[in-house]
Amino acid sequence: ETVAFVLWGTDNMKSEGTPIAQVLALMGAVPRFDAVGRLVGARLLSLEQLGRPRIDVVCTLSGIFRDLLPLQVKLLAEAALLAAQADEPVEQNFIRKHTLAHMAALGCDLESAALRVFSNADGAYGSNVNLLVETGQWNDEEELADQFVQRKCYAYGARPGVRAMPALMQRALGGAELAFQ
């Protein structure tokens, strides 16, 4: 039902966005372009076109991805929001299913619960987990996980702005059955 995806800027630039396309395909979404061919957001494929359930994809972005590909950040965030808002059966739309569960557990609105794109705060880079490991300044794996969430919990949505959402990130990533980079 849920896949965690790590997106790096250089990988996406070298591959012309193949990892972004993989995320969109799992969600059952495609890019939306304006009349002159500029990327302006996402649109959902119908469940009939998709032929399977929508997979909930939680993305963690490198700082380079966040900084160099802002339209793609918006594209991914909009795809998740559109899927969460879709009037579809939850057994065919795991994004909606999990968004509704996050709303109930965290007491937030649908737009907040649908956030699935996380990175560092503006101007910050890396999770610093490697630094903890290299210096031996950790005692158990929970400390490493907490460091990752603390550094990468900034949620990017379809609207401008970013906000720290550590509880949502923990819930969303906690349900991931597979991680892909």
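Is A176 buried, partly exposed or exposed? Partly exposed, because its relative accessible area is 24%. Buried would mean under 20%.

This is a predicted model, so keep that in mind throughout.

Stay with A176 for a moment. A176 sits in the loop between α10 and β8, and β8 covers residues 178-180. Now look across to V57. A176 and V57 are 119 residues apart in sequence. In space, their C-alpha atoms are 8.3 Å apart.

Next, the core. The largest nonpolar core has 31 residues. Which residues have the most contacts inside it? They are L7, V23, C59, F65 and L76. Several elements each supply at least two residues: β1 (2-7), α2, β3 (39-44), β4, α5 and α6 (94-106). Helix α5 gives the most, with nine residues. As background, nonpolar side chains tend to be buried together in soluble globular proteins.

So let's look at α5 on its own. Helix α5 runs over residues 70-85, which is 16 residues. From first C-alpha to last, α5 reaches 22 Å. That is close to the 22 Å expected at 1.5 Å a residue. Its buried residues are V73, L75, L76, A77, E78, A79, A80, L81, A83 and A84. Note E78 in that list of buried residues.

Now α2, residues 18-27. Its buried residues are P19, I20, V23, L24 and M27. Where do they fall, seen down the axis of α2? Within an arc of 140 degrees, so they line one face of the helix. V23 is also among the residues with the most contacts inside the largest core.

Look at both ends of α2. Just after α2, G28 takes a positive phi of about 75 degrees. What is the phi of E16? Near 55 degrees, a positive value in a residue other than glycine. For context, most residues other than glycine have a negative phi. E16 counts as exposed, because its relative accessibility is 78%.

One more glycine. G41 lies in strand β3. G41 counts as buried, at 2% relative accessibility. G41 and V30 are 11 residues apart in sequence. Their C-alpha atoms are 8.7 Å apart in space.

On to charges. How many salt bridges does a search of the whole structure find? Seven. I'll show three of them, starting with D56 and R116. Their closest N and O atoms are 2.7 Å apart. This pair links distant parts of the chain, 60 residues apart. D56 is in strand β4 (residues 56-61). R116 is in the loop between α7 (110-113) and β5 (117-119). Both D56 and R116 are buried.

E111 lies in helix α7, and R159 in the loop between β6 (154-156) and β7 (162-164), so the pair ties together parts that are 48 residues apart in sequence. E111 counts as partly exposed, at 26% relative accessibility. R159 counts as exposed, because its relative accessibility is 56%.

Buried or partly exposed: which is D67? Partly exposed, with a relative accessible area of 37%. R66 is buried, with a relative accessible area of 6%.

Now the surface. Which residues form a nonpolar patch there? M13, I64, L68 and Y125. Together they have about 380 Å² of accessible area. L68 has its place in helix α4, residues 63-68.

Last stop, P166. P166 is in helix α10, residues 166-174. At 36% relative accessibility, P166 counts as partly exposed. P166 and Q150 are 16 residues apart in sequence. In space they are 6.8 Å apart, C-alpha to C-alpha.

D56 and R116 form a salt bridge, and both are buried. M13, I64, L68 and Y125 form a nonpolar patch on the surface.

Technical notes
Residues are numbered from 1 along each chain as its sequence is written. This is a predicted model: local features need pLDDT of at least 70, side-chain atom pairs count only at pLDDT 80 or more; totals for chains, interfaces and linings use all residues. Side-chain values use heavy atoms; hydrogens and water are left out. Patches are made of residues with over 30% relative accessible area and no salt bridge: like charges are joined within 9 Å, nonpolar side chains (Val, Leu, Ile, Met, Phe, Trp, Tyr) within 5 Å. Accessible areas come from the Shrake-Rupley method with a 1.4 Å probe; for residues, only the protein chains shown count as cover. A salt bridge is a side-chain nitrogen of Lys or Arg within 4 Å of a carboxyl oxygen of Asp or Glu. Helices (H or I, at least four residues) and strands (E, at least two) are DSSP runs, numbered from the N terminus. Buried means under 20% relative accessible area, exposed over 50%, partly exposed in between (1.4 Å probe, protein chains only). The expected span of a helix is 1.5 Å times one less than its number of residues. The arc is that of the directions from the helix axis to the C-beta atoms. A nonpolar core is a set of buried Ala, Val, Leu, Ile, Met, Phe, Trp, Tyr and Cys residues joined through side-chain atoms within 4.5 Å.
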